Structures are given as structure tokens and as C-alpha cells.
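Reader: Hey, I've just opened this one and I'm new to it. Can you walk me through what's in there?
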Amino acid sequence: MSQHPQPKYAIRPIVPEAVYTNRKEHLNYLHQTALNAIERRSMSVVLLGQRRMGKTEIFKRGVNRLFFEQEHHADIHRSVVPVYYSFKDTVSDKWDFSIDYVENFIRWYVAFRLRDLTILSTTDVTQEGVIEFLRNHLDQFKELESALNFYEGFLKKNVTMPEDKALSLPRRVSDWHEATIVMFLDEFQNTRLPQYNFDVVGLMQEAVESPTCPHFVTGSAMSILAKEILGRGSLFGRFESEPIEEMTPYWGTQLALKSATYYHAVTSDTMAPVIAERCGCNPFYITSVVRQSAKLNKPLTDETVLNEILAVDLSSGFIWSELNDQVSRWIARINEYNITKWVL
Ligand SMILES: Nc1ncnc2c1ncn2[C@@H]1O[C@H](COP(=O)(O)OP(=O)(O)OP(=O)(O)O)[C@@H](O)[C@H]1O
Ligand SMILES: [Mg+2]
């Protein structure tokens with residue numbers, strides 16, 4: 001199938017390898033939990049932490065590792081198929097969502113089994129291309145026959161409750177064929193947007209409970225994850241929780257040094273721990289301060305400069321845009337209840 005030289009990522013992370021720092025514990029945990037599913041010893045997992053802690057980066061790296069590091073990728077009983085899906089904030093209805101979810105599943109499944117990334121590219125392989133490929137290779141992908149039928153049914157809109165069928169499809173495939181699949185679901189908070197005027201979370205109850213198909217979930221708004229998954233929401237009790245926190249002072253310092261080298265900022269061994277500390281060892285804030293220093297051409301050599309850069313960044317830089325985004329969303333959320341005026 002391959003037409004191009006293949007990149008080394010199934011899904012490309014944003015942070016360059018030269019800057020990426022630690023997080024090994026979380027990566028190993030997800031990797032091992034995914035592999036344990038082959039012997040039906042795993043539960044679904046929620047990766048829960050404050051914003052900008054590096055959850056998405058961990059998911060993408062976890063997926064890549066499972067994709068490339070398993071020896072028996074073609075053997076349905078000895079390998080686990082990683083599927084990455086990010087809930088969009090743009091779906092318009094349940095058909096859109098169902099088509100997208102199942103199409104994404106089929107693409108990842110085929111790509112992994114063949115260890116060929118071509119079909120993951122929606123520009124190289126169109127919807128028709130996916131269907132045609134599967135039709136011609138059904139002897140090789142018997143497990144995907146029902147997926148193909150649903151997919152075609154969704155496109156023709158002649159299926160009832162497509163969103164239910166879509167969400168439970170991966171589990172049905174793995175249960176029925178004794179395969180193992182791990183769904184990595186990011187931006188889970190989007191399922192609470194008004195665009196999703198159907199109940200993704202409620203319908204996921206069954207899907208996430210299969211030992212053949214654990215679901216790894218993360219997202220941006222802790223409160224939604226915590227309420228739905230760890231609190232009293234529909235998914236309560238169906239997940240193991242993996243908390244993620246700020247980096248340790250040691251790794252925060254390493255990150256300050258690495259990102260300074262990468263982004264051509266100047267700092268020192270004595271200042272790096274101070275930067276890490278002032279940024280609460282949040283990987284995003286550390287990187288932002290270092291990049292701002294490079295941009296302003298101000299070496300991070302003492303605390304006065306650090307304060308200056310923090311001040312600039314807080315009023316206009318990388319951290320500002322992040323805070324602005326958080327506050328805007330917060331206000332938008334309050335607005336839903338028409339109490340903004342009252343609060344402000
Ligand atoms: N291990 C790491 N090493 C270096 N930089 C990191 C690391 N993890 C995160 N970062 C930095 O933090 C930024 C945010 O990472 P990421 O998008 O994975 O966070 P997140 O927890 O998914 O955020 P959100 O809550 O907004 O979804 C990255 O773009 C990068 O600058
Ligand atoms: Mg994220």
C-alpha cells in the first residue's frame with residue numbers, strides 16, 4: 001500500500017524529541033496496561049491532571065510506542081491495536097460523529113496490522129479508498145466486516161442509533177474475534193459541547209468495560225473528567241485513575257536546560273532550577289518562559305531578567321494566551337447560566 005517513505009510517527013507529537021523530558025512513569029504505565037490487555041488483565045484508564053501538564057503528549061507517545069514496538073503486530077491474539085481519537089469541537093451531528101469515529105477506527109486497525117501508515121492519511125486514502133481497500137482485503141481482515149457494513153450504513157444514513165453502534169464497535173470487534181484494542185481518547189471534555197446533542201458519555205458505559213478493549217481517556221477540563229468518570233457520572237467506577245502532576249524540581253530543571261539549548265536561549269545551571277521553580281514545574285510554563293527569553297533576546301542569567309520575562313509573558317506572551325483562553329472559556333461557561341453579569 002505504501003507510496004511514500006514512512007514517517008516514524010503514527011501520530012506526530014508537538015514537542016521535539018530534543019526537548020521532551022521524562023514522563024517515563026506515565027508512559028510505561030500506559031504501555032504496560034495496554035499490553036496487559038492481551039491477557040485480559042486491564043481496565044480502562046483516565047489520565048487526570050491540570051491543564052498543560054503534558055497529557056496529550058503522553059497519549060501520542062504511548063500510541064506511537066505501541067504502534068512500532070510490538071513484534072507480533074500481524075498476529076491478532078498476541079498484539080494490541082492502538083487507536084487514537086480526539087473528540088473534535090466541530091462535529092455537527094451524530095452522523096458526522098459516527099462516520100468519523102468508525103472511519104478512524106478502521107484506518108488505525110488496518111495501519112497497525114500492516115504496519116503501514118498510508119491509510120491513516122485522509123488525503124492519501126479517501127473514504128471510498130478505505131471502503132475499496134477493505135472490500136478487496138476482507139479475507140485478510142475478517143474481523144472488520146461488521147465495521148465495514150456499519151460504515152457504509154452510516155454513509156447512507158440507514159442505521160438506527162449510529163452513535164451507539166459507533167462507540168461500541170471497537171469493543172464488539174475485539175470481543176468477537178478475541179483481538180485486543182486500546183482506544184486512546186483525547187479532548188474528552190468536547191463530548192459535553194452542545195454540538196454533541198447525543199449522549200456520548202452515557203453510551204460509552206458498555207464500551208469501556210470490556211477487558212478486550214480498554215479505553216484510555218484524557219482531556220482538558222479536569223472538572224468534566226472528574227465528574228463523569230471519577231465522581232457520580234455515568235462512567236463512575238469503570239476506570240482506573242492515573243493522576244499526572246507537575247514535574248519534579250529535577251526534571252523541571254532538565255527541561256529548562258534542554259529547551260534553552262533547543263530554542264537558542266541562554267541560561268545557566270544555577271538559574272535553571274529557579275526558572276523551574278518559578279513556573280511551578282509546569283512543562284508548558286517552563287518552555288514558554290524560555291522561548292520568550294529567546295524571542296526577546298534576553299539571557300536568563302539572573303532573577304531580575306526572569307521577573308521581567310515573566311512580566312512580559314504574563315501580559316502578552318505564550319502564557320498570556322493560555323490564560324486568556326482559560327478565562328474566556330470560563331466566562332463562556334458561566335454565560336450558559338446567564339450569571340456573568342451577576343458575578344462580574
Ligand atoms: N514531557 C514534556 N517535556 C517537555 N515539554 C512538555 C512536556 N510535556 C508537556 N510539555 C509542554 O507543555 C505543552 C502542553 O502539552 P500537552 O498539550 O500535552 O498538555 P495537555 O495536558 O494535553 O494540555 P491540555 O490540558 O490543554 O489538553 C507542550 O506543548 C509542551 O510545550
Ligand atoms: Mg491535551
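Reader: Let's start with Tyr20. Is Tyr20 buried, exposed or partly exposed?
Author: Tyr20 is partly exposed, because 17 other C-beta atoms lie within 10 Å. Bear in mind that this is a predicted model.
Reader: And where does Tyr20 lie relative to helix H1?
Author: Tyr20 is in the segment before H1, the helix that spans 24–36.
Reader: How far apart are Tyr20 and Pro283, in sequence and in space?
Author: They are 263 residues apart in sequence, while their C-alpha atoms are 9.4 Å apart in space.
Reader: OK, switching to the ligand. Which residues are closest to ligand 1?
Author: Gly54, Lys55, Thr56, Pro283 and Phe284 are the closest, out of 19 residues that surround ligand 1. Helix H2 (55–69) and helix H11 (283–296) are the elements that give two or more residues to that shell.
Reader: What classes of residue are in the shell around ligand 1?
Author: Eight are nonpolar, six are polar and five are charged.
Reader: Which residues sit on which side of E1?
Author: Ser44, Val46 and Leu48 are on one side, with Val45 and Leu47 on the other, and all of them are buried. In a regular strand, side chains alternate between the two faces of the sheet.
Reader: So what does E1 pair with, and is it parallel or antiparallel?
Author: One partner is strand E5 (residues 239–243), in the parallel sense over five bridges. In that pairing, Leu47 stands opposite Glu242. E1 also pairs with strand E4 (residues 215–217), again in the parallel sense, over two bridges. There, Val46 has Val217 as its bridge partner.
Reader: What about E3, how many of its residues are buried?
Author: Six of the six, residues 181–186, so strand E3 is largely enclosed by the rest of the structure too. One side has Ile181, Met183 and Leu185, the other has Val182, Phe184 and Asp186, and all of these are buried.
Reader: How many bridges join E3 to E4?
Author: Three, and the two strands run parallel.
Reader: Let's jump to a helix. Which residues of H8 are buried?
Author: In helix H8 (residues 222–230), they are Leu225, Glu228 and Ile229. These cover an arc of only 85° around the axis, which puts them on the same side of H8.
Reader: And what covers the buried residues of H8?
Author: The cover includes E1, helix H7 (200–207), E4 and E5.
Reader: Last bit, the whole chain. How many helices and strands does the protein chain have?
Author: There are 14 helices and five strands. Of the 344 residues in the protein chain, 38% are buried.
Reader: What share of its contacts join residues at least 24 apart?
Author: It's 76%, counting contacts between residues at least 6 apart in sequence.

Methods: Residues numbered from 1 in each chain as written. Chains lettered and ligands numbered in written order. Predicted model: local features only at pLDDT ≥ 70, side-chain atom pairs only at ≥ 80, totals over all residues. Buried ≥ 20, exposed ≤ 12 C-beta atoms within 10 Å, placed from the backbone. Helix = DSSP H or I, 4+ residues; strand = E, 2+ residues; numbered from the N terminus. Pairing = 2+ DSSP bridges. Near = placed C-beta within 6 Å. Nonpolar A, V, L, I, M, F, W, Y, C, P; charged D, E, K, R; others polar. Arc of directions from axis to C-beta. Contact = placed C-beta atoms within 7 Å.
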